[in-house]
Amino acid sequence: MAWMLLAAAFAAGLIAWPFLHKAREQRRLRALQARPIEPARWAMLRAALPVLDRLSPELRALYELRLKEFLAYKRYYGCDGLEVSEDMRWLIAAQACLLVLRPESGTFPSLRSVLVYPSVFEVPPMPAPVEFGEFELVDDEADERIGESHDSGRVILSWADVEAALDGDPVNVVVHEFAHQLDASDAGAPQLSDYTRWSAVMQAEYDRLHEQASPVLDDYGLEGPGEFFAVASEAYFQQGAALKRCHASLYELLRGFYRIDTA
Ligand SMILES: [Zn+2]
């Protein structure tokens with residue numbers, strides 16, 4: 001009898017779980033919404049990211065919610081002795097959340113942690129030797145990186161390069177790696193309801209970059225569709241006006257997606 005009661009209680013728990021989970025999620029979001037971002041904190045963010053002044057009231061409300069959710073639920077880890085300060089946490093989140101201003105996008109739902117190195121970091125060499133005729137070419141040089149994005153829910157960043165982007169460098173490692181997070185299948189596209197226009201514009205611009213170097217888009221975008229989307233996103237946020245001038249249709253496509261006008 002006790003076992004049957006236990007089994008019934010277990011089954012009831014399984015049925016109730018999604019409802020309880022949803023109710024808890026709603027409570028959690030309401031609690032975040034109720035806590036406004038302090039004016040001093042907001043002023044610091046605006047000074048670092050002037051683009052925030054272009055948020056409409058509707059977008060700003062969504063942006064604030066994303067930001068609070070990001071800071072509440074993503075874990076930061078300092079690497080190589082780096083201590084991740086409160087300002088660093090906010091400045092990374094503030095750039096990442098500019099990429100998720102669509103109501104349906106969520107706050108990088110599969111991302112769990114952000115690892116921050118003081119500057120460029122090394123990744124181990126490729127383990128498998130490449131055979132080439134009679135010789136064996138072994139790539140034993142460690143690779144240097146400024147950022148990485150993993151499907152397993154991790155983004156890795158070099159803080160020196162995060163700062164460089166805030167100082168106006170055309171390379172924006174936060175935008176680049178978080179654009180990869182939006183494009184988990186590495187197909188050069190985030191989740192959309194219709195890919196017709198997206199594919200046409202992206203393909204045309206990719207082909208154009210292949211034929212001729214661009215003053216705005218880094219050639220690294222030719223590594224594949226995923227890199228093209230990441231590089232185009234960097235140009236969108238770092239050099240909006242120039243991107244609009246030189247690649248108008250790409251700019252318009254990304255404006256429709258990111259919703260904030262960076263030109
Ligand atoms: Zn990349």
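This is a predicted model: local features need pLDDT of at least 70, side-chain atom pairs count only at pLDDT 80 or more; totals for chains, interfaces and linings use all residues.
Residues are numbered from 1 along each chain as its sequence is written, and side-chain values use heavy atoms, with hydrogens and water left out. Local features need pLDDT of at least 70 and side-chain atom pairs count only at pLDDT 80 or more, while totals for chains, interfaces and linings use all residues.

Let's start at the metal. The zinc ion has as its protein donors His176 (NE2), His180 (NE2), Glu227 (OE) and Glu227 (OE), lying 2.1 to 2.6 Å from it. Donors here are N, O and S atoms within 2.8 Å of the metal (3.2 Å for Na, K and Ca); water is not among the atoms, so sites may look incomplete. Along the chain, the donors of the zinc ion follow the spacing H-x3-H-x46-E. The angles among the four donor atoms run from 54 to 145°, and the site is irregular. For that label, four donors count as tetrahedral if all angles lie between 85 and 135 degrees; four count as square planar and six as octahedral if opposite donors are over 155 degrees apart and all others between 65 and 115; anything else is irregular.

Both histidines belong to helix H6 (residues 173–182), and because histidine 176 and histidine 180 are four residues apart there, about one helical turn separates them. Helices (H or I, at least four residues) and strands (E, at least two) are DSSP runs, numbered from the N terminus. Histidine 176 is buried at 8% relative accessibility, and histidine 180 is buried at 12%. Buried means under 20% relative accessible area, exposed over 50%, and partly exposed in between (1.4 Å probe, protein chains only).

Next comes helix H4 (residues 86–96), which is largely enclosed by the rest of the structure because eight of its eleven residues are buried. Among them are Trp90, Leu91 and Ile92.

Aspartate 80 lies in the loop between strand S1 (75–78) and H4; its phi is near 55°, a positive value in a residue other than glycine. Phenylalanine 108, in the loop between H4 and strand S2 (113–117), also has a positive phi, near 45°.

Finally, turn to glycine 256 in helix H10 (residues 248–258). Glycine 256 counts as exposed, at 53% relative accessibility. In sequence, glycine 256 and arginine 102 are 154 residues apart, yet their C-alpha atoms are 9.7 Å apart in space.
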